[in-house]
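Subject: Structure handover

Hi,

Here is the structure for you to open alongside this note.

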Amino acid sequence: MGYSKSEQETVLAYDYEKNVWKAYSTVPKHIRKLMAIADMKILESENDKPICVQGVLTEKQVTMKKERILSEETKEKLRLRGLALKEKTE
């Protein structure tokens, strides 16, 4: 069952002195990603699945970027490019 949606959270806190990010999460999607990229300590588990983790990430493991917003015209161009590439490989 884990945590209810209203109780789920992911917290990233930057430790400037140690130059690392401290991570804590109860969000299943974030837990899977964190477990795949870092050594996370499992604080709670249910049915052998972690439902709460904590760990440390390096500065390079955390990125912040501007959201990419595509116009309908750009989406169509990319779709056509993908179709053309698919035809080449077949």
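The protein has a radius of gyration of 19 Å, whereas a compact globule of 90 residues would come in near 12 Å. That radius is taken over C-alpha atoms, and the globule rule is 2.2 Å times the number of residues to the power 0.38. Along its principal axes, the C-alpha trace spans about 50 × 35 × 30 Å. Of the 90 residues, 19% count as buried (under 20% relative accessible area; exposed is over 50%, partly exposed in between; 1.4 Å probe, protein chains only).

Please keep in mind that this is a predicted model: local features need pLDDT of at least 70, side-chain atom pairs count only at pLDDT 80 or more, and totals for chains, interfaces and linings use all residues. Residues are numbered from 1 along each chain as its sequence is written, and side-chain values use heavy atoms, with hydrogens and water left out.

**Layout**

There are two helices and four strands. From the N terminus the order is β-β-α-β-β-α. These elements are DSSP runs, numbered from the N terminus: helices are H or I with at least four residues, strands are E with at least two.

**The sheet**

The four strands make an open, antiparallel sheet in the order β1-β2-β4-β3. β1 (10-15) and β3 (40-46) are the edge strands; each has a single partner, so one side of each lacks a neighbour in the sheet. The twist averages 10 degrees from one strand to the next. Two strands count as paired if DSSP finds at least two bridges between them.

- β1 to β2: six bridges, antiparallel. Val 11 has Tyr 24 in β2 as its bridge partner. The two strands form a hairpin with four residues between them, and Asn 19 in the turn has a positive phi of about 60 degrees.
- β2 (residues 20-25) to β4 (residues 49-58): six bridges, antiparallel. Trp 21 stands opposite Leu 57 in β4.
- β3 to β4: six bridges, antiparallel. Met 40 faces Gly 55 in β4. This hairpin has two residues between its strands, and Asn 47 in the turn has a positive phi of about 55 degrees.

**Helix and core**

Helix α1 (residues 28-37) lies across β1, β2, β3 and β4, at about 50 degrees to β4. Axes here are lines fitted to C-alpha atoms, for helices over the stretch in contact; angles run from 0 to 180 degrees between N-to-C directions.

The largest nonpolar core has nine residues: Trp 21, Ala 23, Ile 31, Leu 34, Ala 38, Met 40, Val 53, Leu 57 and Val 62. β2, α1 and β4 are the elements that give two or more residues to this core. A nonpolar core is a set of buried Ala, Val, Leu, Ile, Met, Phe, Trp, Tyr and Cys residues joined through side-chain atoms within 4.5 Å.

Leu 34 touches Ala 23, Ser 25, Met 40, Val 53 and Leu 57, not counting residues up to four places away in sequence. Contact means heavy atoms within 4.5 Å.

Ser 25 sits in strand β2. Is Ser 25 buried or exposed? Ser 25 is buried, at a relative accessible area of 0%. Its side chain reaches the backbone nitrogen of Val 27 at 3.1 Å. Leaving aside neighbours within four places in sequence, the contacts of Ser 25 include Glu 9, His 30, Leu 34 and Cys 52.

Best wishes

How values were computed:
Polar contact = N/O pair within 3.5 Å; in protein donor to acceptor, adjacent residues only side chain to side chain.
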